[in-house]
Amino acid sequence: MSTLAHTMMTAARSTDSGLAGPGELDRYPYAEPQVAERVGAPSWEGADPELGRVGRRAAGSRGRGLHGQLVQQLGQMIVSGDLGADRPLVPEEIGQRFEVSRTVVRESLRVLEAKGLVSARPNVGTRVRPVSDWNLLDPDIIEWRAFGPQRDDQRRELSELRWTIEPLAARLAAGHGREDVQQRLSDMVEIMSHAMAQGDALTYSRADNEFHSLLIQIAGNRMLEHLSGIVSAALQVSGGPVTGCDRPNEASLAQHARIVDALGTGDGAAAETAMRQLLTVHPEVERVVPAPREH
């Protein structure tokens, strides 16, 4: 095979995986794995083609490097079920499939282990863990579930969780008034209004995200503050039940403004009510949140 042909084939494989090309990595020369002899070895070619698209988008939005991209790829494959529970993850096979170095594979598996997706034990190796062990509050796992087969459940659960967290945060924030933060919240409402008039969905989304994050941060409850990542992840996940934040309009802006006004007067009850109204699902959506579910 000519050098040019070999280069083109390698580039094609790199593009398919969403990872960097051969000139950009300090590759480790893995031996050819004996896949046929491995029991339960994962089928890397069976992944949903959408996974790579979502992974590249998420990795790019967070400025991640090469190992971050591999974390995205493997994480989505695990969450989607392409790599089921107790499946072995052989570093040499991962390195060869995604054309990355041993260091990249090792660091990626460590990140996935911290998220509860995999476990590594001596004499056993690295295996996929069951859903019950996953850190379901991890923003990455929230996103991967929201774009995978569990998307409906994930979006419903997020809506229900937000309906529990944010009204309480709004009530508490009213008792911790800070003029600089309240001014920032007002600025966010103004930016959202201008962005909506201009049809600028990205700017609107960013301002909305900061509004809700700030509100939780000034609630004066450190445990709630740790949950702000969940709210941010929820705001970035489109589809599912439609709330006032999901569908920008004048009514949504009015509720945001009412929250700011209530904070300014220290009216916790009014802030809580406005937040509940903002998060209430529109009546045309079949699955109403937060209607209680029977167990």
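Predicted model: local features only at pLDDT ≥ 70, side-chain atom pairs only at ≥ 80, totals over all residues.
**View A. Helix 3 crosses helix 6 at an angle of about 55°.** Let's begin with helix 3, which covers residues 66-80, and helix 6, which covers residues 139-146. Their axes lie 9 Å apart, and the two helices are therefore oblique to each other. The crossing is right-handed. On the helix 3 side, look for Val71, Gln72, Gly75, Gln76 and Val79; they meet Asp140, Glu143, Trp144 and Arg145 of helix 6.

**View B. Strand 2 and strand 3 form a hairpin.** Here, strand 2 (residues 118-121) pairs with strand 3 (residues 125-128) in the antiparallel sense, over four bridges. Three residues lie between the two strands. In the turn, have a look at asparagine 123, whose phi is positive, at about 65°.

**View C. Helix 7 packs against helix 9 at an angle of about 60°.** Helix 7 runs over residues 151-173 and helix 9 over residues 201-217, with 8 Å between their axes. That angle makes helix 7 oblique to helix 9. The two helices cross in a left-handed manner. Helix 7 brings Arg162, Ile165, Glu166, Ala169, Ala170 and Ala173 to the contact, where they meet His212, Leu215 and Ile216 from helix 9. By class, six residues in this contact are nonpolar, one is polar and two are charged.

Methods: Residues numbered from 1 in each chain as written. Heavy atoms only, no water. Axes fitted to C-alpha atoms, helices over the stretch in contact; angles between N-to-C directions. Parallel < 35°, antiparallel > 145°, perpendicular 65-115°, else oblique. Left-handed = near helix turned anticlockwise from the far one by under 90°. Contact = heavy atoms within 4.5 Å. Pairing = 2+ DSSP bridges. Nonpolar A, V, L, I, M, F, W, Y, C, P; charged D, E, K, R; others polar.
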